[in-house]
Amino acid sequence: MKQNKVILVSIDGMRADAFAACGHPLVEYLCKNASYTLDGRSVIPPVTLPAHLSIFYSVPPQRHGTLNNTYVSPVRPFDGLIETIKHAGKTSAAFFTWEPLRDITRPDMLTYSEFAFAYSMESADTYLTDRAMTCLRERKPDFLFLHLVETDEKGGHDHGWMSGEYFDRIKIALDNLERIIREFGDEYAIILTADHGGHDRIHGMDIPEDMVIPMCFLGDAFEGGKTLDGVSLLDLAPTIATIMGLSAVREWEGKSLI
Ligand SMILES: [Zn+2]
């Protein structure tokens with residue numbers, strides 16, 4: 001059966017060169033079985049809330065209006081990915097380890113959602129992955145978004161980008177993604193992205209360390225081992241909509257990769 005359901009996993013703050021160098025076996029698996037890029041682009045500024053709004057609304061921060069981690073409602077609102085899924089009568093779920101991501105959609109649009117605070121336990125990433133997998137098993141949403149923040153918070157900001165602790169958190173995040181692929185990879189197209197990279201203990205600048213991210217597209221709509229050029233966060237919503245059989249919203253600026 002052709003896949004028409006999607007899981008999107010965002011590993012917060014994961015640089016493309018760190019993904020390539022981390023040594024986790026899933027990296028080789030994805031480079032062989034997914035269409036992918038190690039030269040994907042974040043948005044300016046490469047900061048968590050603006051970047052995730054650009055993922056879900058397919059426009060740069062200058063157009064959605066949130067230019068830092070404080071949400072600003074847009075002057076001219078339009079539907080993003082979650083609203084489009086809802087209006088099509090399909091179901092969506094969001095699991096996030098950073099609470100401001102509630103603003104990736106307007107209220108009353110998600111079917112299921114859960115938040116766990118990154119510092120509330122040894123690994124909120126792993127806890128939330130467990131919760132997301134339970135939702136996938138029991139509720140079978142048409143779309144599920146899983147946000148894993150600890151690479152950014154407990155790796156990059158606490159210890160520095162490219163530090164040992166940073167790589168440790170990437171490996172935990174990829175362990176979690178691997179569990180999802182193993183159990184749900186037949187039923188769902190699975191997309192991996194980061195929102196931005198980082199340098200020293202910060203991010204937010206228009207430099208390659210902050211801007212260049214890995215993006216992997218695994219599923220029957222994507223050719224395994226194919227490298228993609230010119231992909232940005234804005235392309236995620238149109239691509240996901242295409243897999244799900246939905247039309248892109250007129251205001252979206254990104255392109256479908258299918
Ligand atoms: Zn981030």
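Author: Start with a cut-off: a residue is buried if 20 or more other C-beta atoms lie within 10 Å of its own, and exposed if 12 or fewer. Keep in mind that this is a predicted model.

Reader: Is Ser58 buried or exposed?
Author: Ser58 sits in the loop between H3 and helix H4 (61-64). Within 10 Å there are 29 other C-beta atoms. The cut-off for burial is 20 or more. Ser58 is therefore buried.

Reader: What is the phi of Ser58?
Author: Ser58 follows H3. Its phi is positive, in a residue other than glycine. The value is near 55°.

Reader: How many residues of H3 are buried?
Author: The buried residues of H3 include Thr48, Pro50, His52 and Tyr57. What covers them includes E1, H4, helix H5 (81-87) and helix H10 (236-243). H3 is mostly covered, and the count of buried residues is ten of ten.

Reader: Which peptide bond is cis?
Author: Look at the loop between strand E2 (35-41) and helix H3 (48-57), where Pro45 has its place. Omega is near 5° there. The cis bond runs from Ile44 to Pro45.

Reader: Is Lys140 buried, exposed or partly exposed?
Author: Lys140 is in the loop between H6 and strand E5 (143-148). Its phi is positive, about 50°, although Lys140 is not a glycine. It has 14 C-beta neighbours inside 10 Å. Burial takes 20 or more and exposure 12 or fewer, so Lys140 counts as partly exposed.

Reader: Are H6 and H8 roughly parallel or roughly antiparallel?
Author: Two packed helices are described by the angle between their axes and the distance between the axes. The axes of H6 (residues 124-139) and H8 (residues 164-184) come within 10 Å and cross at roughly 10°. Angles under 35 degrees count as roughly parallel. That makes H6 and H8 roughly parallel.

Reader: Which residues of H6 make the contact with H8?
Author: H6 passes H8 in a right-handed crossing. On the H8 side, the contact includes Ile172, Asn176, Ile180 and Phe184. By class, the contact has six nonpolar, three polar and three charged residues. The H6 residues are Asp125, Thr126, Thr129, Met133 and Leu136.

Reader: Are H7 and H8 roughly parallel or roughly antiparallel?
Author: H7 (residues 150-159) packs on H8 with the axes 8 Å apart. The angle is about 175°. Angles over 145 degrees count as roughly antiparallel. H7 and H8 are therefore roughly antiparallel.

Reader: How many charged residues are in the contact of H7 with H8?
Author: H7 contributes Glu150, Lys154 and Asp158, among others. H8 contributes residues including Glu165 and Arg169. By class, there are four nonpolar residues and four polar ones, and the charged residues number five.

Reader: Which residues of H7 are buried?
Author: What covers them includes strand E1 (6-11), H6, E5 and H8. After H7 comes Gly160, with a positive phi near 110°. The buried residues are Glu150, Thr151, Asp152, Lys154, Gly155 and Gly156.

Reader: Which residues touch the most other members of the largest nonpolar core?
Author: In soluble globular proteins, nonpolar side chains tend to be buried together. The largest nonpolar core here has 80 residues. H8 gives the most to this core, with eight residues. The members touching the most others are Val6, Ile191 and Ile240.

Reader: Leaving aside neighbours within four places in sequence, what is Val6 in contact with?
Author: Val6 is one of the core members that touch the most others. Beyond four places in sequence, its contacts are Phe143, Tyr188, Ala189, Ile191, Ile240, Ile243 and Met244.

Reader: What separates the C-alpha atoms of Asp235 and Ser54?
Author: Asp235 is in the loop between strand E7 (212-218) and H10. With 24 C-beta neighbours inside 10 Å, Asp235 counts as buried. Asp235 and Ser54 are 181 residues apart along the chain. Their C-alpha separation is 9.3 Å.

Conventions
Residues numbered from 1 in each chain as written. Predicted model: local features only at pLDDT ≥ 70, side-chain atom pairs only at ≥ 80, totals over all residues. Axes fitted to C-alpha atoms, helices over the stretch in contact; angles between N-to-C directions. Helix = DSSP H or I, 4+ residues; strand = E, 2+ residues; numbered from the N terminus. Parallel < 35°, antiparallel > 145°, perpendicular 65-115°, else oblique. Left-handed = near helix turned anticlockwise from the far one by under 90°. Contact = placed C-beta atoms within 7 Å. Nonpolar A, V, L, I, M, F, W, Y, C, P; charged D, E, K, R; others polar. Core = buried A, V, L, I, M, F, W, Y, C linked by C-beta atoms within 7 Å.
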